[in-house]
Amino acid sequence: MLNVALPKGRLGEKVYDMFERAGFECPSIKEQNRKLIFENPEAGVRYFWVKPSDVAIYVERGAADIGVAGKDILLEYEPAVYELLDLGIGKCRMAVAAPADFVDNPQRALRVATKFSKIAGDYYAGTGRDIDIIHLNGSIEIAPILGLSDVIVDIVETGSTLRENNLKVFESVVPISARLIANKASFKFKNEEIVRAVEGISRLTEEKQ
Amino acid sequence: MIINDSVISGGEKIIFALREIYFKNGFRPYRMSKFEEYDLYAKNKDFLVSDNVITFTDTSGKLMALKPDVTLSIIKNIKDSPDEISRLYYNENVYRISKGTNTFKEIMQSGLECIGKVDGECIAGVVSTAVQSLQAISGKFILDVSDLDIVSALIDRAGDLKGVKNRLISLFGEKNAHEAARICRENGAGEEYIKAIKELISLYGKPEKIMPELRRILSGVGLGGEFALFENIIKSFDKAGIADEVNIDFSVVSDMNYYNGVVFKGFVDGAADSVLSGGQYDNLMKKMKKKSKAIGFAVYTDRLPVD
């Protein structure tokens, strides 16, 4: 039985479709209810919906054999898992944004508001800029407007949220997309099933490209 | 004296079972009864599983440490005789940061070291002892073996990748072929080498199945010599009767400032991460100004799926 952790939401539904086409179907998952675990013993698969940022934890600890997580989460938490495929969906980028009239003052530490403290820290360590990290859990965009920070480091998809809040992208930090990850021990003990899923899904992503 | 079985925990039974295996395979106990200076660990920080060390000041005013590791101490204290071979095993408490709680924990570690004249037979002996150790822990186990010299030689040959070599090695560790290919491409590596790197990252299975594929991949990029050396090691595994017990997996990587050649990791059913880890560490020996070669492994008893 292959245990798959799917990220709740639109991305997770897309990911499930990929698994289904790769031969791991589980029709009950499409029923409209509040269940979180779905199983199809015939296809040898069990899915569960978890919070997107928790997928990596389930996989690292072996509660899920494989799962799909954003590269942002993998860079931020560095879970000890295998990253087997770039699914090429859920594409966006991590970027530095600030009010349009922002000018960096190198005389003092740059105040950076972000949900991704490690990614922001690593990025500015690479540029040699001294920063002060303000860790927030949401509504990052309002931090520079209220004077809480100078810039933000956050995920940018279309840029419309930024525009609506009069912010603009100043630098791109790293491109993000959904990745198929596997638990290290499961990869060995359930190798045949995991390789079958990886090969099936990788054919789909190649066709798309 | 007869000890009632119910008063010995599962973890303790395994420690005794491992001790018996090590002894049967010709290893002798090493007991660490004194403290090392903090300096020993600070100088080799990256060799340690976690780089935080508990320190205290000794009566002489020297800064000492509670051991985070046993290997460094063994290397420091053992006579350097490159023509002989010392086989030592240990059961010691080590003090490390636990990843989950980010606090120090006392962890019982059991392991062994072969120091001196390390040849193919010696490597096969150590790997065979690792297989027996995993067998004692669980009926369902896997030992993955890799060769760091092959990984290193392929990256060196692929182009001017010195600046990104460490990053590439960690991508090998993640089985992250797509990201490794992207980084190689950005740094101007040739397509045939990128293909070889991607194939090497994805290889996984028994030697019988993998060796012909490995020969094809490596001879295609002029690394036939490296293949031949690894083939000899696998042949010595065959002789020791363990070739069917191991898998070849180039995602087993370790810091190349310390390790080289054969490295391996052991997994048992029920544990989410490796429970045994080891390999050749001639580079660490050189760093500590010793002429001997060395190989060893440790079993992380805190990760075992037992009571």
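Is Tyr123(A) buried or exposed? In this predicted model, in which local features require pLDDT of at least 70, side-chain atom pairs count only at pLDDT 80 or more, and totals for chains, interfaces and linings use all residues, Tyr123(A) counts as buried because its relative accessibility is 18%, where buried means under 20% relative accessible area, exposed over 50% and partly exposed in between (1.4 Å probe, protein chains only). Residues are numbered from 1 along each chain as its sequence is written, chains are lettered from A and ligands numbered from 1 in the order in which they are written, and side-chain values use heavy atoms, with hydrogens and water left out.

Over all chains, the structure holds 16 aromatic pairs, a pair being two rings of Phe, Tyr or Trp (its six-membered ring) whose centres lie within 6.5 Å, with planes under 30 degrees apart counted as stacked, over 60 as edge-to-face and the rest as tilted. One of these joins Tyr123(A) to Tyr124(A) in an edge-to-face arrangement, with 5.1 Å between the centres and 75 degrees between the planes; Tyr124(A) is buried as well, at 4% relative accessibility. Another edge-to-face pair, formed by Phe187(A) and Tyr204(B), has a centre-to-centre distance of 5.4 Å and an angle of 70 degrees between the planes. This pair crosses between chains, from helix H7 (residues 184–189) of chain A, which holds Phe187(A), to the loop between helix H8 (191–202) and helix H9 (207–220) of chain B, which holds Tyr204(B); helices (H or I, at least four residues) and strands (E, at least two) are DSSP runs numbered from the N terminus. Both partners are buried, Phe187(A) with a relative accessible area of 6% and Tyr204(B) with one of 8%. In chain B, ring pairs also link Tyr22(B), Tyr89(B), Phe264(B) and Phe297(B) into a cluster.

The contact between the chains (heavy atoms within 4.5 Å) takes 21 residues from chain B and 20 residues from chain A. About 1600 Å² is buried between them, 56% of it on carbon and sulfur atoms, buried area being the accessible area (1.4 Å probe) that two parts lose on being put together, summed over both. On the side of chain B, Lys175(B), His178(B) and Ala272(B) lose the most area to chain A, together accounting for 31% of what that side buries. Three salt bridges are found across this interface, a salt bridge being a side-chain nitrogen of Lys or Arg within 4 Å of a carboxyl oxygen of Asp or Glu. An Asp249(B)–Lys188(A) salt bridge has its closest N and O atoms 3.0 Å apart.

Over all chains, the count comes to 32 salt bridges. Within chain A, Asp150(A) and Arg108(A) meet in a salt bridge with an N to O distance of 3.3 Å, linking the loop between helix H5 (142–145) and strand S9 (151–156) to the loop between strand S6 (92–99) and strand S7 (110–114), the two residues being 42 residues apart. Asp150(A) is buried at 12% relative accessibility, whereas Arg108(A) is partly exposed, with a relative accessible area of 40%. Within chain B, Glu92(B) forms a salt bridge with Lys67(B), the closest N and O atoms lying 3.5 Å apart. Because Glu92(B) lies in strand S5 (residues 85–98) and Lys67(B) in the loop between strand S4 (63–65) and helix H3 (71–77), the pair ties together parts that are 25 residues apart in sequence; both residues are buried.
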